[in-house]
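Please open the model in your viewer and keep the selection panel at hand.

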Amino acid sequence: MRILLTVIFAFCIINLHAQKSTKAANLVYIDKQGVLRYTKNKQEASFYGVNYTTPFAYAYRAHKALGVDLEKAIQDDVYHLARLGLDAFRVHVWDTEISDSLGNLLNNDHLRLFDFLLAELKKRNIKTIITPIAFWGNGYPEKDERTPGFSRVYGKGRATVNDTAIKAQENYMVQFFHHVNPYTKLTYGDDPDVIAVELNNEPSHSGPKPGVTSYINRLATAVKSTGWSKPLFYNISQGPFYADAVAASMVNGFSFQWYPSGLVANQALKGNILQNVDVYKIPFDTISAYHNKALMVYEFDAADVYQSYMYPAMARSFRGAGFQWASQFAYDPMALAYANTEYQTHYLNLAYMPSKAISMLIASEVFHRVPRNKSFGTYPADSSFDVFRVSYRNSLSEMNTDTKFYYSNTTTSFPSNAAKLLNIAGVASSPIIQYDGSGAYFLDKIEEGVWRLELMPDAISIRDPFERASPKKEVTRIQWASHPMKISLADLGQGFGIRGVNDGNNFSGTATADIFEAKPGTYLLTRNGKSLSAGKGNIGVIGLNEFVAPQPFSNEIYLQHDPYAEVSAGKPATIRATIVGLDNSGQVSLQVTRLGGPAGGGAAFQNQRTIPMTKSVAADYSAVIPGDFLTPGVINYRIIVQKGNDYTLFPGNIKTNPFAWDNVSNETWKTYVAATNGRLEIYNPDIDRSAKFYSSLRRGFQQSYTTGQTPGHLILRLSANELSSDPVIGFQHFFADKLNGRSTEAASFNHLKIRARAAGTQPMKAKVTLINAENMALSTTITLTGDFNDIEVPIMDLVPDSSLLLPRPYPGFHPLWFRASASPAGFRLKDAEKIEIIIGPGIPASEYNKPYSLEVESTWLEK
């Protein structure tokens, strides 16, 4: 017995020592206050990065279909993630592809590539949180395949309540975390760069709450049985009703998501969205078990937003809420990003979306620099915070310190201390770098007088990337063009040397003063008389000679143009277009015709003009129609692109000579020329279909278009059988693009008119709100009857108010209303962007159980 007890005691000591050693080897741990800290020095830890899916599902199949080497594609994308300064990776593993129905692990190509990806991330010092169960099928955007896994058998709903399904998940967890990565020779538990596990992805819970806690604990126990000693996270935001059941489980951290601009708008969103990310509001503080747990954001994105100002603001709000991990969903594989087919509502890639990518670089700096739980006030006051700035008007994110100067678009800001700069990254121009291309660039100091320049090719948007996607539809064109680049750094001086260092780049030359012709690639820039010291060259995990960029999907001529709805009579109007596939030898002209004028050949000739279009940066062309040509009426115009003897006509992309006698092409754009006293229509249901609607009702609410007494015209109708405890019903519509063509007249409009009525319960109060570019809202209340009336609202009668946050942020526990911190004295009509019309506020609860409807035929501005 004594010998047996001695053996047992020795085993316990060895096991305890092994557990302590394992914990000591872990990169991070969660302390008693719920703070994620580095094991080595007890300092707070923070990680910021992306989700990325190439080993699985559609991304895997799409690479195969294109004949792309998957390992090379992963290496290229991981290099770009490192180039953006990201240090966090997360993905929901498609368990349905790497398991069978009993939860047995399948050692197949998906699992191999996942392991290869983790090994490549390790080389770049990027840390991983694994989410081993996705529940999803593997099809999107295609149909699901008949995969072997348990998730296909049970589905998301049954997976959390069916005991056989849970046993399969337990079995899968044990095998998954015993699996040894063939590239690192480590299990995920032994790999110090795998820092935590999130047990599953967006669970769909049902049934009694104790069952939810039991399910979570069973999965956690299965993982811990493999020797796992790292943090365990579980999603608490997906189903807020079960938040207390999640908090009662044995996990030591909670995961959240954030889609503040909604999802799948099927078009690029217009207008300022910064108010939607002003704060991340967590509603679980009243749950005692919620406290003292670490917080992570497993997925987030500014979905359907093309501009580059959102990510740093989101990172600021994440830190304000106490998060220590945030991973965007999802970084587009470079091989697929030309068409944005993986997830059409998301679009982020260094090569194809350079401004958003640099914004992510800046957001990573925010996340690592800004203290947890720090607030910077309310928008727009918080648009400048710490060393950062975001600007909706300039589509700009910016970081400006003594050593780092980053900007996602052209900036007029001067560096804080140009003499001390070590790292510069940007798109377009700044006071120290002037560049006409549209690709991103990175300029890093290696040593005194020696800098490394990495310059990406031009990325030119030619179609809305958030529309329905297809591998056949290119949305961003890559162009390998050269552009003048001026670098004004005292450390380089005048006449600095330029030498290509990436594979195949044999360029060698000297700057003329501080200007040179720059082509995509990686270069060593050296001050006159200076050379690179031996053993120098790498920038952290970025090698001196590294460079990754895609070739163009197509070289065909294509033109993108958004016509004005209206322009002002007698005022010059600038027509702009983006044209790709045209070299410097091509010619572009605008052919414009106006209706009206005296009869006769001479007058007809005078009613048509051909105006050369001039190129500015990258692929931007413009022409000015003189004010004396713009008389009240309508103009029709087309753009003629000539390359040698070949012509292409737009709209229509028609390959024909417009001057040939047998040319029958007559497609044109049309723009109305408003009379001096003409009104400006800002909402017309006949043509305006991008309005954002709101009702909290899941049933009994209907949004439709109907006809009225005026032939050929539609009416917007919003109706509800009754109102809920949140009685608001209404819509917002963006109209700034209609105002742009008549911006010189904006100050003269002094009345807002609404043609509307209330059907059902009436008369009824409605609130009408104008919202400007800084999300300042001014409103008034009008009375609707059962008949259509033109209701006049003097602009000067509008008063400061709140406005709806639309699109509705997800999760739905985030604020519904926003009120800007700016003074109403700063509201100018020329800055107005949206109109909001709602019913519900002010209706007593005793009147909720009645039918209500709002019908709008038109809204406009008058002088």
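A crossing is left-handed if the near helix is turned anticlockwise from the far one by less than a right angle, and right-handed if clockwise. The model is predicted: local features need pLDDT of at least 70, side-chain atom pairs count only at pLDDT 80 or more, and totals for chains, interfaces and linings use all residues. Residues are numbered from 1 along each chain as its sequence is written, and side-chain values use heavy atoms, without hydrogens and water.

Select Phe 150, Ser 151, Tyr 154, Lys 156 and Ala 159, which are buried (under 20% relative accessible area, 1.4 Å probe, protein chains only). These residues lie on the same side of α6, because they cover an arc of only 155 degrees around the axis, taken from the directions from the helix axis to the C-beta atoms. Their cover includes α4 (95-98), α7 (163-178) and α8 (209-224).

Next, display α7 with α8. Their axes, lines fitted to C-alpha atoms over the stretch in contact, come within 8 Å and cross at roughly 25 degrees. The two helices are therefore roughly parallel (angles under 35 degrees between N-to-C directions), and the crossing is right-handed.

Finally, move to α10 (311-321) and α11 (354-369), whose axes come within 7 Å and cross at roughly 20 degrees. This crossing is also right-handed.

How values were computed: Axes are lines fitted to C-alpha atoms, for helices over the stretch in contact, and angles run from 0 to 180 degrees between N-to-C directions. Helices (H or I, at least four residues) and strands (E, at least two) are DSSP runs, numbered from the N terminus. Buried means under 20% relative accessible area, exposed over 50%, partly exposed in between (1.4 Å probe, protein chains only). Contact means heavy atoms within 4.5 Å. Angles under 35 degrees count as roughly parallel, over 145 as roughly antiparallel, 65 to 115 as roughly perpendicular and the rest as oblique.
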